[in-house]
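Visitor: Can you walk me through this one? I'm new to reading structures.
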Amino acid sequence: MLRPVHIALFEVRRYIVDRGDLAFSLALPMALFALMYGVFGGDETFNGTANVVDLDGGPAAQEFVSRLESVDGLQVRLRSLDEADRALARTSILTAIVIPPGFSDALAAGEPVKLTVKQRGTGGDEGQIVSSIALSVAQRIAAEVQARRWARTTMEGSAIPQPEIDQAAQAAVTQADADPAVDVAVVVEGESGRADGGQFVDRLLPGILVMFLMFAVTLSSQVIVDERRLGTLERLLTTRLTLNQLFAGKFLAGVARAMLQAVVLLALAYAVLRVGGPSSFFQALAFALLVAAAVGAIGLVIGAAARTREQATWAAVFFTMFMTIFGGTFFDPSETKALDVLSHVTLNRYAIDALEGITSGGKSFADYGVQAGIMAGVAVAALTVARWAFRRTVK
Amino acid sequence: MNEEFLAAKELRKAFNGNVAVDVVSFSIMRKEIFGLLGPNGAGKTTTIRMMATVLPPDGGDVMVDGHSVLRHAGEVRKLIGVCPQELALYPELTALENLVFFGQMAGLGGKQAKEAAGENLLLVGLQDRAKDAVAKFSGGMKRRVNLAISLMSRPALLFLDEPTVGIDPQSRNHIFETVQRLRGEGMTVLYTTHYMEEADRLCDRLAIMDHGQLIAVGTPRELKAQIGQPEKVTLEEVFLSLTGRRLRD
């Protein structure tokens, strides 16, 4: 009964002493994560440009622009509507905030106002942050206008001294911030991007993790051809080891290797990029275990069918690349319908969706029952096929 | 010594229509060192693979201590150890790790496997290199590790398929002495080699195979007597006489 565990531990030992495997599967993703940290996480000060089109020109619009200019790290560039549209078309900018005509008057009258954000794709991280700042600034201005209106209408002409009126107005601003009477909305025009509005880095991190878990397909696919090449497969078959035990051992070894990667990469993401918390860390690991089982079993299918190391490697690389590219590791697969459909035949799409939700979306493992079921189903189906093919190849 | 321990009965095996083993029958007695000789491609390794339960025969059967390789392969595996012709080792790991792993696969517990590994490394003279990676070993040392692994389960029957290929005389002599010591401890050995003087020195009985068939069986003296006076004839002359001088590969 313990032989599969002995095989798995032995394989992990071989994996650890093989510097090539370690570099490929652990050092490379760590380097990639470090690079991403430099790009996305290393600089905590935001620096960006707000492209603003002022079609209103009123006092509230001017105040809005002035407030944006006072935000640390944010530069404001005023553009005409045509200029902004051309820049968006050339993709030289990804977002433009349009202050519509009548913005100031509507605020002064206590009516709902809208800022329009024109964008390309998802608007990029910078665009999403700028949009968020713009909304916040507009809400603040609306609250102040609301408070001043209230103060003017209720206290003007009374004997109340001006400092007390100012004090009451300030209190009203605070109150209006908490419970705004004027509705300020941001209307997004252009391609809507991802529905949940998450940041690119939130999806890229699970994407990288799943991509490297996918590389475990290559390692798993080679275990049988490697044993055959070394001559150890035949030797093992003359011991008391049964085929089932050998198969189970190789499967456990693949899962163990992939989980070693998952633990290192998720710990790195948690510690350095501050993605998720302790609870999400363990839930993500639990989901990664299912992904590891699925990819480990697929690797065994390839390994059982391949006659040479080269066949196994190329089949595994093709599989991994297809899954990685079309599963949405480097772009949002929902941007076009064809890609969206194609991505749903990849394991990565389901795995990335779930891991993104767990690590960054405030969701739990339980929210991804369908994705977990798909991983488990693929693992069971692939194991069944691999076991059948394994018997034919080994003998 | 007269008790039959292994009996091969009308063994047959073909690959894609090419007959590799053609109705081969012989028996090996308990505690005997039995040599299986033949030119390259004669069918020696295929015969060993069938006896070692790796390859199912197309016809015939092999009984090992009363157990059929076809029907009771699991029981047969408890009795045998196989030292394959090609090195079958994990080069990146240490000699000790290799031995312990195969010991565990042979049914030993962790502690037992470590003890047996220590004993076997001592037996093949590698106790001082136990914790060195096999990749750093010379050819002769790797051959000795290969042999040590096959002894991990202390098998009753040991298959040695050309265990001395490509090694220096010292390592070869060490392997000879090890095999003789094992026989002295009660082990039965099937030994294949291309070195005729090895077979002459080591084996109690010999079988010569060619073109998948068994063409002669007997003690070295009996085989030599087939072509002349045993004292004046070498086993190599017998071998060439029976198998011809034509190159085989």
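This is a predicted model: local features need pLDDT of at least 70, side-chain atom pairs count only at pLDDT 80 or more; totals for chains, interfaces and linings use all residues.
Guide: We'll take the sheets, then the interface between the chains.

Visitor: OK, sheets. What is the order of the 4 strands in the open sheet of chain B?

Guide: The order is β2-β1-β4-β5, with antiparallel pairing. Strands (E, at least two residues) and helices (H or I, at least four) are DSSP runs, numbered from the N terminus. Two strands pair if DSSP finds at least two bridges between them.

Visitor: Which strands stand at the edges there?

Guide: β2 (18-29) and β5 (67-68) of chain B. Each has a single partner strand, so one side of each is left without a neighbour in the sheet.

Visitor: How many bridges pair β1 with β2 in chain B?

Guide: 9, in the antiparallel sense; β1 covers residues 4-15. For one example, B:Leu6 has B:Ile28 in β2(B) as its bridge partner.

Visitor: Which helix lies across β1, β2 and β4 of chain B?

Guide: Helix α1 (residues 44-51) of chain B, running at about 120° to β1(B). Axes are lines fitted to C-alpha atoms, for helices over the stretch in contact, and angles run from 0 to 180 degrees between N-to-C directions. Contact means heavy atoms within 4.5 Å.

Visitor: Now the open sheet of 6 strands. What is its order?

Guide: β6-β7-β8-β3-β9-β10 of chain B, and the pairing is mixed. At the edges stand β6 and β10 (213-218), each with a single partner strand, so one side of each has no neighbour in the sheet. Neighbouring strands are turned by 15° against each other on average, direction ignored.

Visitor: Switching topic. How many residues of chain A are in contact with chain B?

Guide: 20 residues of chain A, in contact with 27 of chain B.

Visitor: What area is buried between chain A and chain B?

Guide: About 2400 Å², with 59% from carbon and sulfur atoms. Buried area is the accessible area (1.4 Å probe) that two parts lose on being put together, summed over both. A:Phe10, A:Arg235 and A:Arg240 supply 31% of the area that chain A buries against chain B, more than any other three residues.

Visitor: How many salt bridges cross the interface of chain A and chain B?

Guide: 3, where a side-chain nitrogen of Lys or Arg must be within 4 Å of a carboxyl oxygen of Asp or Glu. One joins A:Arg13 and B:Glu97, at 2.5 Å, N to O. B:Glu92 forms a salt bridge with A:Arg14, with the closest N and O atoms 2.6 Å apart.

Visitor: Where does B:Glu92 lie?

Guide: In the loop between β6 (80-83) and α3 (95-105) of chain B. A:Arg14 lies in helix α1 of chain A, so the pair joins two chains.

Conventions:
Residues are numbered from 1 along each chain as its sequence is written. Chains are lettered from A and ligands numbered from 1 in the order in which they are written. Side-chain values use heavy atoms; hydrogens and water are left out.
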